Amino acid sequence: MHEKKQIHTEKGLTMANVLVITEHMKGEFQDISFEMLGQARKLAAGGSCSAIVYGSMKDHSSELGAADRVLSLGGSDDFNPEAYFSAALQVIQSESPDLVLVGSTSMGMDLAPVLGVSLDLPVISYCSGIENSGDSFEFKSQLYGGKMEVNSTAPKAVAMVLAGSFSADEGKSGGSASVEEVSADFGAGRVKFKELIEPEAADVDITQSDILVAVGRGIGNKDDIEVVQELAENLKADLACSRPIVDAGWLPKSCQVGKSGLKVNPKVYIALGISGAPEHLEGMKSSSTIIAINTDKNAPIFDVAHYGMTEDLFDICEELENSLS
Amino acid sequence: MKIAVLLKQVPDLAEELEVDDSGKALDTEYIKFRLNEYDEHALEEAVSLKEAGQASEVAAIALDGEEVDKALFTAMAKGADKAIKIIGAEAEGSRAVASLFAEAVGTEYDLIMTGVQSVDDREGMMGPMLSSMLKVPCVSVVTRVEGGDSSITVHKEYFGGLMSAFDVQMPAVLGIQAARQTPRYAPVSKVRQIQESASIEEISLNGVSDTVKSEVTSMAPPTKTGGAKMLGSVDELVELLKEKGVA
Amino acid sequence: MLSTTEQIAFVLLVLVCGGLAFQGFQRIYLIVSQGEPSYRTDNFPSRLIKALIEVGLQKPLFKSRPIVSLFHSFIFFGFSFYLLVNINDLLEAYIEGWTTIGSSNPMALGFNLFSDLFSVLVLIGIIYFLIRRFIGKPRVFEFNKNVKLQNKVSEGGIRKDSLIVGIFIILHVGSRWLGSAFHLAEREVAEWSMPTASLVAPLFLGWSGLETGIHVTWWLAMGLIVLFIPYFPYSKHIHIFLAPLNLAFANREANGKLMEPADSSKPGASTLDELPWKQVFDSYACIMCTRCHEVCPAHESGSPLSPSALEINKRYFINQNSSDLASGKLKLDLLQEAISSDAVWSCTTCMACVEVCPVGNEPMQDILQIRRKLVFDAKMPDELSDALRSLDEQGNSFGESSRKRTRWTRDLDFPIKDASKEKVEYLWYVGDFASFNQNCIEKTRKVAEVLTAVGVDFGILMKDEKSAGNDARRVGEEGLFDALAEDNIQTLENCDFQHILTTDPHTYNTLRNEYPSKGGVYSVKHYSTLLMELILSGRIKITKPLKLKATYHDPCYLGRYNGIFDAPREVMRQCGVELLEMSRNRTNSFCCGAGGGQVWKKEHEDMKQRPSENRIEEALLTGANYFTVACPKDMSMYSDAVKTSGNENNMAVRDLVDYVAEAMELEKMTNEKTYEAVKESSIVEKDASELQV
């Protein structure tokens, strides 16, 4: 059960059966679904690449270009951890794929580990890279807040993929998939969806901003945010931050960039005192120009930043203020 | 309802982390360990539920390990009614840990709360895996819990402040993202007081049989992928900003 | 002189008022006794004598407000003398023919002269005070709008009390003085020993009402006193009795040594009776003068903390509920009645309030007790708990790994001895700020360079050094302080050294004053003292005197707390620096605002101006271009303040070591030889981990 079927293709890779569980919100597929699909196609190496969709998302199946088959499970559009898991489990048990890809997201966390136990497959968290290496898969995981990369292998697995690890475009391109309706059992109903709660309307929608000045734990305390706020105003930029700042209540949730915050795409992203944990990087690494200021020269943020300075952010803010005025 | 809070010590990320001689694991000889940040939130939420009269008992459970006693006494100082330490068993990786907890927790508790994730759970999130082993439902990334008699209501967070509310029948497992308030401080004198007056229960387990594993081939700090161009002065920065049309 | 009816009436008045007063004074005793132990009554006779001498010389008053203190001394000496005057007047009332007027006895003449002159001085004094309070309305009497005040206080209770006391004194002394003029008029003589009364007496010559006037003025003078006695327990005027006592109860141990909690399982105080009794006594002794909040860095910067309001609120609540408090039926909840928790957390523990108080009050002690209880109940600002957690987990408040403690040594050209492995003369206890704070690291290195250049035998504890815990204790975390002290003492036990050296006054304070009771007794030296010794002994040769104008800021924990004022000044002088003193210097130094955990907290939203910025402004007034510090926290605070107040071109912040390094031309010195010697003599074994640090 733990060994892959060895079918060799012309290129010398072993064909594989890869299944992607898509994610959607408010009637749209999340980018992670396309990212996983694009990579799944490559990993399948000529084998089968299928995608699971729920509810009315079957009507959007044509967007899932890279999939051979789309398995429509039906059910509600509202995500329900137990229901979505039960339905997926059935299908996966009968499909018996070599690799299951699930997003490393809020929804993915309710699905992947549970599937792994129920299917008796290893679970690989925080994947930023996956390769098909013949008789098994190779995974690269980001661990310890991004301070370590761990490479592992398994012939079969459930992998949780970090957003932004692969190209979304590749997932959208390709032929048209066949849609199969599958009857699925949505479980015992011990979890009931009640309602979707929208966030409070924010003054500023930072996902639309051109220029962002973001603060992280390096700011030290709430009052110093004023200094950064002034800088943002002078640069005609909007203010953003990482999760700890919002947890501490120093800035509203609408400013949070990252996995549990917002995904932003500005022309210029200035990161002050942000270390660059994967969860934050997810939210901003697609910015056109990233400038990072952090006193720790080993901070992971410098890996995604285009420009950097290992200086104290207050010194920089101050000197910038002086130069600009 | 009776709540079990599952705690785990993890390497303190303030430390400089190094790989050991095998090249596959963290060198833990000199680094300090601390309680998983999210487990702290789980404990805080559990104690808050008790203080709101929605829970009758909170038990803190942890595997034996580095500074675990202190973490358990601290949990009691924060309001947990009892502390249980699982001894005699080795568990490497979040999946093995989940198996041990599954055995220790059994059917005694209505609600099992733990941190949504930890910095070292490469083998999957412990809470959901535990729920699967216990065959009870699980909701992760929870930011709010309201108690009830046989079921509870939780808020699950997605992104950007968007969330769903769910009614969950107990027994159930919750992966906590954030408690209703910042985890409270446990004064050292109170912890010391508890160390003198209370004791930690010990459960002896045999350890887990072969669990399904992926094989680690290497561990290393991330390779710098080209990296940032370091600027030498604020003047250079101003130039750059002007170039990009910002200043 | 009094008629029999009058004599009997007076005795009755005394009995009635005495009875009433007794109840009031008894309640004071009962309420104070409810307090926790204070250990301030050992050697009581010597304490009392010392206090009486201080009071006699009016020393505690002249610590601030010199002009006001001068007028007060008129009243003080006058009123003290009036004890004799009142006794004389009683004798006059009850003994036929008793008088000091017209006698040639030198004692009588002296008595007359003093009574006459003092009466006028007292009247001048009281009138000055009444004018000051009611017409002058000095700003210092006002509390910040955000300070918690008992209703009766905000409704003008203190003014009312002042008016009553003022009128009483004017009437009492005034009528006595007038009466003496009447006596003179009646006798139709001038009396040189009663100059001012003699001036006025002629106005009443021949007046038919003289005899009545004499009786009336007697009754006003003496009767008012007796009537006033039951009022004392409710008035700030009781300070005339209680202030000398309170001063006798003053702390005789080191300033920087806090009292252990009586019961470590129940530390701190939330109600009045949970405070040490000395703190309860403080509320009675308080004269409500606001000298304390005038020097308080928190109040001056706009925070809701007024040490004055704290004591006044206590007193006012006690006044209104004395019966229930005395019987134990009611408790005074401190956070509800006396001080807000915002205010409690605004204190920098600089001790200026304690230092300046003329009646020996210690408002800071109340705050520390309240903090202990709040911390025990985990009710404190989140940022504080982060700092404390970091102290607990990593031994420093910066959230950095303990292994990074010695990072500052990396760029040095020479090795530093590991004091935990080798014998050294000076074990340099570096401290958190000097090790981790970006503004301070450069200075720490410079100190290492200077010491090495002149061959001082020193070493550091490397990664085993933990914060000494001074500020953890001041924040109220006794348990954490105990844990840190235990660990540090354990580490020091395994070391071989003669003295502990530190650049940080906070570290200095606790190692010197508080570690002994934890079992660690050391000879502790601040680097300013060592630098002075090295210069004076010639080991540091000053070859290039600096010729610059600088001012010096006395760090709270070095100066006010531990009395070290001269060593840093001598160092500056030896380096050729011209010292221009700020007006608030030495014991009156104005705190930078970092102590008591403030450096870990966010500032209060009402803060108008940081204390450190206020201080820079004060420094600019001296005409100096350099602001000298001798404390890492000061270095950090003032470096920021110079920038945030826009004074970077006007004032530069310098550490003492900067002057020394420049004046001894450290850079020019060829150090290789010295470093070689150090390298050879030390067998430094480094851990692999330390090499990577």
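This is a predicted model: local features need pLDDT of at least 70, side-chain atom pairs count only at pLDDT 80 or more; totals for chains, interfaces and linings use all residues.
Of the 693 residues in chain C, 48% are buried.

**Overall features of chain C**

- Chain C contains 31 helices and nine strands.
- Along the principal axes, the C-alpha atoms of chain C occupy a box of roughly 105 × 60 × 45 Å.
- Where contacts in chain C join residues at least 6 apart in sequence, 82% of them link residues at least 24 apart.

**Helices α1 and α8 of chain C**

- Helix α1 (residues 4-33) of chain C packs against helix α8 (residues 210-228) of chain C at an angle of about 25°, and their axes are 8 Å apart.
- Because angles under 35 degrees count as roughly parallel, α1(C) is roughly parallel to α8(C).
- From α1(C), the residues Leu13(C), Val14(C) and Cys17(C) meet Gly223(C), Val226(C) and Leu227(C) of α8(C).
- By class, the contact of α1(C) with α8(C) comprises five nonpolar residues, one polar residue and no charged residues.

**Helices α21 and α28 of chain C**

- The axes of helix α21 (residues 438-453) and helix α28 (residues 632-644), both of chain C, lie 8 Å apart, and the two helices pack at an angle of about 130°.
- This angle makes α21(C) oblique to α28(C).
- The crossing of α21(C) and α28(C) is right-handed.
- Asn439(C), Cys440(C) and Lys443(C) are the residues of α21(C) that meet α28(C), where their counterparts are Pro632(C), Met635(C), Ser636(C) and Ser639(C).
- The contact of α21(C) with α28(C) is made up of three nonpolar, three polar and one charged residue.

- Four strands of chain C, in the order β7-β6-β8-β9, form an open sheet with parallel pairing.
- The edges are held by β7 (578-579) and β9 (652-655) of chain C; each has a single partner strand, so one side of each lacks a neighbour in the sheet.
- Strand β8 (residues 626-629) of chain C pairs with β9(C) in the parallel sense over four bridges.
- Val629(C) is placed opposite Asp655(C) of β9(C).
- Helix α28(C) packs on this sheet and touches β8 and β9 of chain C, with its direction at about 170° to that of β9(C).
- Helix α29 (residues 656-663) of chain C also lies across β8 and β9 of chain C, and runs at about 75° to β9(C).

**Helix α4 of chain B**

- Helix α4 (residues 126-134) of chain B is mostly covered, with eight of its nine residues buried.
- The buried residues of α4(B) are Met126(B), Gly127(B), Pro128(B), Met129(B), Leu130(B), Ser131(B), Ser132(B) and Leu134(B).
- The cover over these buried residues includes α3 (106-119) of chain A, as well as α3 (94-105), β6 (111-115), β7 (138-146) and β10 (172-176) of chain B.

Note on methods:
Residues are numbered from 1 along each chain as its sequence is written. Chains are lettered from A and ligands numbered from 1 in the order in which they are written. Axes are lines fitted to C-alpha atoms, for helices over the stretch in contact, and angles run from 0 to 180 degrees between N-to-C directions. Angles under 35 degrees count as roughly parallel, over 145 as roughly antiparallel, 65 to 115 as roughly perpendicular and the rest as oblique. A crossing is left-handed if the near helix is turned anticlockwise from the far one by less than a right angle, and right-handed if clockwise. Two residues are in contact if their C-beta atoms, placed from the backbone, lie within 7 Å. Ala, Val, Leu, Ile, Met, Phe, Trp, Tyr, Cys and Pro count as nonpolar, Asp, Glu, Lys and Arg as charged, and the others, Gly among them, as polar. A residue is buried if 20 or more other C-beta atoms lie within 10 Å of its own, exposed if 12 or fewer, and partly exposed in between; C-beta atoms are placed from the backbone. Two strands pair if DSSP finds at least two bridges between them.
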